[in-house]
Amino acid sequence: MSSGKQKPHRTTEREFGGVLGATCIPVFLPLTVLYLLSVCRSPSASVLQWPPPLPHASFLWEPVALAIVLGWMLLQSFLYLLPIGTVSEGLVLRDGSRLKYPVNGFSALCCSAVLVGLGLWLGMPLAFLFELIIPLAVAAIALSYLLAIYLYIRSFWAPAHALALGGNSGNPLYDFFMGRELNPRIAGFDLKYFCELRPGLIGWLVLNLGMLMKEVELRGSPSVAMLLVNCFQLLYVTDALWNEEAILTTMDIVHDGFGFMLAFGDLAWVPFTYGLQAIFLVAHPQTLSPLGAAGIILLNGLGYYIFRRSNSQKNQFRRDPNHSSVANLETIPTATGKRLLVSGWWGFVRHPNYLGDILMALAWSLPCGFSHIVPYFYVIYFSILLIHREDRDERQCRAKYGLAWDTYCKRVPYRIIPYVY
Ligand code: NDP
């Protein structure tokens, strides 16, 4: 039904376990979110308890939770539309055009912080988010399903050149999961770009703050562990929104269609599983020694340094290879005309940015102590995600750069961790 004159590209190579993966993941991952939240809040917090502590059906659904999720989406949409910040162009699309994107995510974060601060001052019971966490997650999961169904249906009206190369296999389940349309927009409002960083990431911070307020309500003051988790994750989200423009060159925006995978990831998975540590700490308080806290702060600082410097170096090199900060780095040419860095951070390992990210993820879990595995869920899952993502990226780079990529791999043999992987 695609209305373009061009014939749509057919996806033949399947990712994420093909149709089987695309059928199982949308069932399995939402249940995982509810399971992890329930384990974190349960007295034993053990993943070995049987039967698993899934929430009772009567606690799944709260109209107020749906109202909060919808209100939050509306607020973030309003902040997205505010004519503040700059406008940036994305990479050149297959039809030769470039889309424009508002770069005002950091302003949206600041406005949200002011509004939440105002709400707290007026007595908004933010600690209540702890009790409401499961109905909130259910509402966010339902919303991501509805959004993905809408995206799948509307993609049949998109022109052929607007479809993602990886999401048009002809199998409805696979294409629903991967996303058919690359950049779905409603009157210029870019749905994928909007969902990527704003409602989920800023929402995650508000949930963390809610957990901190719950600790204050229960114990009179926030613990050092809770403060560390809040501060580390605040730094991570602030960095992402401060550097919002960088997302325009990522795989999610450039390559992946907008379907269930990204909609669920952005709206439900990130806000409700990345902050499990704060939820865990409410129910399972931890004491940190000053030395332990200092070590964890150092680890987070080191991870952040590697993550930020390596990402900035590559972004700067891709934007302007003659810039003084990157002009002296050694590079190898490729047949596409683009060059690959083989010294500096990208000569250290092939994905230094992933290494920094994993170190930070570890620092977020350590304040929760060593008695339970569930607050380590994020670092375990994230390491698997980045190993898989690195593998996908390698395949794409090998297809793009051919022999030059093989030369790069010989020059820089380790993928993420030097001398290990
Ligand atoms: P990357 O920033 O790692 O970009 C990969 C691309 O960089 C390649 O496709 C290639 O593209 C280019 N590239 C690779 N090697 C070189 C080289 N030697 N010289 C020059 N260019 C090179 O992609 P991601 O989107 O995966 O990651 C971005 C950041 O986001 C990372 O820090 C990651 O950890 C983080 N992230 C966080 C997630 C989360 O849930 N918290 C999820 C996913 C990512 P080209 O040559 O076409 O420019």
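I call a residue exposed when its relative accessible area is over 50%, and buried when that area is under 20%. The model I am reading is predicted.

**Entry: Y419**
I began with Y419. Its relative accessible area is 72%, over the 50% cut-off, so I log Y419 as exposed. I then looked up where Y419 sits. Y419 belongs to the segment after α15 (403-411). Next I checked the backbone. Phi of Y419 is positive, near 65 degrees, and Y419 is not a glycine. I noted the background: most residues other than glycine have a negative phi.

**Entry: A187**
I turned to A187 for its backbone angle as well. A187 is a residue other than glycine, and its phi is positive, near 45 degrees. Is A187 buried or exposed? Relative accessibility of A187 comes to 86%, which is over 50%, so A187 goes down as exposed.

**Entry: A162**
I placed A162 in the loop between α4 (129-154) and α5 (172-178). What does A162 touch, leaving aside neighbours within four places in sequence? I list R180, E181, L182 and N183 as its contacts. I also looked up the spacing between A162 and P8. These two residues are 154 residues apart along the chain, and their C-alpha atoms are separated by 9.0 Å.

Methods:
Residues numbered from 1 in each chain as written. Predicted model: local features only at pLDDT ≥ 70, side-chain atom pairs only at ≥ 80, totals over all residues. Heavy atoms only, no water. Buried < 20%, exposed > 50% of the residue type's maximum accessible area, 1.4 Å probe, protein only. Helix = DSSP H or I, 4+ residues; strand = E, 2+ residues; numbered from the N terminus. Contact = heavy atoms within 4.5 Å.
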